[in-house]
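Subject: Structure handover

Hello,

Here is the structure I promised to pass on. Please open it, then read the notes below.

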Amino acid sequence: MAAVTRVLGLPRLHLRVTASTNERARALAVGGAPHGTLVTAAEQTAGRGRQGRTWVGPPGRALLLSLVLRDPTPLVPLAAGVAVAEIASGAIKWPNDVLVGGRKVAGILVEGRPQEGWAVLGIGLNVAVTPADLPAELRERAGGLGLAPADLEPTLDRLLGALESWLAHDAATVLDAVRARDALEGRTVRWAGGAGRAVGIDDAGRLLVGTSSGTIALDAGEVHLADPAS
Ligand code: BTN
């Protein structure tokens, strides 16, 4: 078999502590860093989550990483979710939270400037995090992979391989993979505008929800599902 040349992860900047790897990667992207540039940190002091939330992770127990992607497709958030779910053997809570045993073990935040042709793909993966490591308000909902701190680097290597593969797949393949790992199908979902039963993912990657007035499609950029989905 031919050797695979890895693009994601080179060059790599590893920081003992930083405010946010996404912030550092953004600055590198603006400065012209190449596709695949990786920023990792053992600890973040101001980790960013989706919808303006913060992301907390105990030092040295989670993968905290951001990748600079050049010419990203709109599918990056979903493809990244599939890659993380694959290496975590997890399910996907649309659009890209990864759950293991019903607990969130990873979060994904894609930020960028499409008009300038770049995005930053940020991933927090709780490799060696246990509920006891987390603030009380997260203990019921968040979890980890049940691995050890020594597993962080091997897990990063597997994750970069999975990302490289899934970011290169076509939309139909990615969407089928999301559907195959859909944690919400058949569940009641709630958002600011209403509630309904999740019935699948459409070909644009939107969540399909059956409501009293018919099936509607929710866009990840516009909708914030209530947490947890029940
Ligand atoms: C979410 O809200 O689920 C997304 C969380 C994304 C967290 C990761 S940790 C590494 C990277 N740097 C950040 O500041 N955020 C992302």
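**What was found**

The lining of the second largest pocket draws at least three residues from each of domain 1 (12-180) and domain 2 (188-225). The domain bounds come from an automatic or database domain assignment. This is a predicted model, where local features need pLDDT of at least 70 and side-chain atom pairs count only at pLDDT 80 or more, while totals for chains, interfaces and linings use all residues. Residues are numbered from 1 along each chain as its sequence is written, and side-chain values use heavy atoms, with hydrogens and water left out.

**The pocket**

How is a pocket found? On a 1 Å grid over the protein atoms alone, a pocket is an open set of points where a 1.4 Å probe fits, with protein on both sides within 12 Å along at least five of seven lines. Lining residues have an atom within 4 Å of a point.

The second largest pocket has a volume of about 660 Å³. That volume is the space filled by probe spheres set on the points, which are joined across faces, edges and corners. The lining has 27 residues, and those closest to the centre are Pro 74, Pro 77, Val 110, Ala 220 and Gly 221.

Helix 2 (76-88), strand 6 (103-113) and strand 7 (118-125) each give two or more residues to this lining. Helices (H or I, at least four residues) and strands (E, at least two) are DSSP runs, numbered from the N terminus. Which element gives the largest share of the lining? Strand 6 does, with six residues.

By class, the lining has 16 nonpolar, six polar and five charged residues. Here Ala, Val, Leu, Ile, Met, Phe, Trp, Tyr, Cys and Pro count as nonpolar, Asp, Glu, Lys and Arg as charged, and the others, Gly among them, as polar.

Two strands pair if DSSP finds at least two bridges between them. Axes are lines fitted to C-alpha atoms, for helices over the stretch in contact, and angles run from 0 to 180 degrees between N-to-C directions.

Strand 3 (63-70) and strand 7 run antiparallel, joined by eight bridges. Leu 64 has Gly 124 of strand 7 as its bridge partner.

Another open sheet has four strands in the order 8-9-10-11, with antiparallel pairing. Why is one side of strand 8 (188-191) and of strand 11 (214-218) left without a neighbour in the sheet? Both stand at the edges and each has a single partner strand, so one side stays without a neighbour. Neighbouring strands here are turned by 45° against each other on average, direction ignored.

Strand 8 pairs with strand 9 (194-201) over four bridges, and Val 189 stands opposite Gly 196. Five bridges join strand 10 (207-211) to strand 11. A hairpin links strand 10 to strand 11 through two residues.

**Between the domains**

The centres of domain 1 and domain 2, taken over C-alpha atoms, are 24 Å apart. Nine residues of domain 1 are in contact (heavy atoms within 4.5 Å) with 12 residues of domain 2.

Best wishes
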